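Let's take a walk through this model together. Have the sequence and the 3D view side by side as we go.

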Amino acid sequence: HKVGREELLEHMANFHRDQPGVTFENASGIDVHHGQHRFVWRMRNADGDVILEATNFGQVDDAGRITKMADFFGPPPPLD
C-alpha cells in the first residue's frame with residue numbers, strides 16, 4: 001500500500017489518463033471538527049453530466065497531512 005503526496009498525485013494522474021474528460025467538483029463546503037473532515041464531491045463526464053456523487057470523510061494530523069480517507073458513494077441508504 002503506497003502512501004504520500006507523490007503516490008496520491010500519481011494515482012490522480014493515472015485516473016485522468018484512463019478517464020479522459022472526467023472532472024471533479026466540490027458539491028459542499030468542507031466541514032472540519034477536531035482533525036476530522038467531511039465534504040461532498042461530484043464526478044462529471046466529458047459532456048458535463050454527473051456520473052457519481054460521494055461524501056468524503058477523513059482525518060488530518062497536527063501538520064495538516066491527510067492520514068485517513070474514506071468515500072461513501074451515492075446517497076445514504078433509506079430508513080427501513
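A patch here is built from residues with over 30% relative accessible area and no salt bridge, and nonpolar side chains are joined within 5 Å. Keep in mind that we're looking at a predicted model. By that definition, L8, L9 and M12 make up a nonpolar surface patch, with about 260 Å² of accessible area together. M12 sits in helix α1, residues 5-18, and is partly exposed, with a relative accessible area of 40%.

How confident is the predictor? The chain's mean pLDDT is 91, and 98% of the residues score at least 70. Among the elements, α1 has the lowest mean, 89, while strand β3 (residues 36-44) has the highest, 96.

Now over to the strands. β4 (residues 50-60) and β5 (residues 66-73) run antiparallel and are joined by 7 bridges. V60 has I66 in β5 as its bridge partner. The two strands form a hairpin with 5 residues between them, and G64 in the turn has a positive phi of about 85 degrees.

Next, the aromatics: the whole structure holds 4 aromatic pairs. Take W41 and F73: their ring centres are 6.1 Å apart and their planes stand at 85 degrees, so this pair is edge-to-face. It links distant parts of the chain, with W41 in β3 and F73 in β5, 32 residues apart. W41 counts as buried at 12% relative accessibility, whereas F73, at 52%, counts as exposed.

F57 and F72 are also an edge-to-face pair, at 5.6 Å centre to centre and 90 degrees between the planes. F57 lies in β4 and F72 in β5, so this pair ties together parts 15 residues apart in sequence. Finally, F15, F24, W41 and F73 form one aromatic cluster.

How values were computed
Residues numbered from 1 in each chain as written. Predicted model: local features only at pLDDT ≥ 70, side-chain atom pairs only at ≥ 80, totals over all residues. Heavy atoms only, no water. Pairing = 2+ DSSP bridges. Helix = DSSP H or I, 4+ residues; strand = E, 2+ residues; numbered from the N terminus. Patch = residues over 30% accessible without salt bridge, like charges linked within 9 Å, V, L, I, M, F, W, Y side chains within 5 Å. Areas by Shrake-Rupley, 256 points an atom, 1.4 Å probe, with all protein chains shown as cover. Salt bridge = Lys/Arg side-chain N within 4 Å of Asp/Glu carboxyl O. Buried < 20%, exposed > 50% of the residue type's maximum accessible area, 1.4 Å probe, protein only. pLDDT = per-residue confidence, 0-100. Phe/Tyr/Trp six-rings, centres within 6.5 Å; stacked < 30°, edge-to-face > 60°.
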